Every structure is written in C-alpha cells, then in structure tokens.
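Me: I would like to go through the terms used for this structure and see what each of them rests on.

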Amino acid sequence: MAPEPERRAPDAPRAAADRPIFQALLTPYRSLGRRGFVVTMSLFCLVSLVAGLAFWVKGAWPVFGFLGLDVLVLWWAFSASYRSARAREEVLVTRTDCAIRKISPKGIVREDHHNPFFARFSVNRHEEIGITRMSVDSRNVSTEIGSFLNPDDKDSFAAAFQKALITARRG
C-alpha cells in the first residue's frame, strides 16, 4: 500500500492572509497612579480638616461643611477620570481586514471593519499641536481612532499604522 500524499488544510492560504500585520492596543494615559491618588487625597483631606476645624473654632462652622464638599468633588473628579481610563481601542490589520474595536468605559463594544485595499487613513494636523484627528475611512464608514492619545503617541501610531496599511495592500 502506497503512503498517502500529505494533505494540506483547505484554509491554509486563508490563514496566512489573516495573519496580523499590525496589532495595537490603545489606552488613555493617566499620569497619576493609584498610589499618587491616595497620597493626593490624603493631603487634601488633611488640609481641609485642619482648615475646617480652624473655622469651626472661630464660630464659622458652615465653612467646615463646604470644605468637606470640596473633598467630595475632588474625589468624584478623580473617579470620573479613572473610569474614563477604562476605555480602549484594539486595532488589527491583516491582508484582508482592518478591524477597529472600541470598548467604552462601560464595556460597550463597537467594532468596525474596513478592507485595507480601499481604506483611507486620514490624519488632520495642526502646525503647532500636531495631529488633531485620525480616522480610517471607506465607503460610508468613518472610524476615528486614538482620539485620547497624546501628540507624541499619535505621531508614532500614525506612522506605524500607515506603514501597516501599505504592507497589507502590497500583500
């Protein structure tokens, strides 16, 4: 009995086309970490408590409540900032697809797909600021990406993403 010839999986060419050329996970930057938040809030609470007690001793007790309200407002602002930092964007470029997956801070997922051969990467620049807007456009779909990135990160992402689209088109 003759040995059977090697069989190739029918999806092998397709699997090669779906191999990632470019992958990026974009997340908002927060300069104040968890430890910095605790230190900042502790100092702010201490200053508000000392100042509030001084006003209370002088007979201006309503000021103590307003200083406590300041602490709550600052805590709420930091909480909102950290909550918005949970947003992220996943960008994947293969030879056959450009997938952009946006995950909101609430966990809502929105995914757009563009054909790399027809997709156009648009970059709006301001001479002083740098890149102000990046989007991938094809047909009736326009997907903005990296809106929360800082100018340096936008520049490096734009260069790498543009290179990936060119690579995908060349095959």
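Reply: Glu89 lies in strand S2, where helices (H or I, at least four residues) and strands (E, at least two) are DSSP runs, numbered from the N terminus. This is a predicted model, in which local features need pLDDT of at least 70, side-chain atom pairs count only at pLDDT 80 or more, and totals for chains, interfaces and linings use all residues. Residues are numbered from 1 along each chain as its sequence is written, and side-chain values use heavy atoms, with hydrogens and water left out.

Me: Why does Glu89 count as buried?

Reply: Its relative accessibility is 5%, and buried means under 20% relative accessible area, against over 50% for exposed and partly exposed in between (1.4 Å probe, protein chains only); therefore Glu89 counts as buried.

Me: Which residue in S2 is the bridge partner of Leu26?

Reply: The partner of Leu26 is Glu89, and S1 is joined to strand S2 (residues 88-93) by 5 bridges, the two running antiparallel. Two strands pair if DSSP finds at least two bridges between them, so S1 and S2 pair.

Me: What makes H2 roughly antiparallel to H3?

Reply: The axes of helix H2 (residues 34-57) and helix H3 (residues 61-84) come within 7 Å and cross at roughly 170°; axes are lines fitted to C-alpha atoms, for helices over the stretch in contact, and angles run from 0 to 180 degrees between N-to-C directions. Angles under 35 degrees count as roughly parallel, over 145 as roughly antiparallel, 65 to 115 as roughly perpendicular and the rest as oblique, so H2 is roughly antiparallel to H3.
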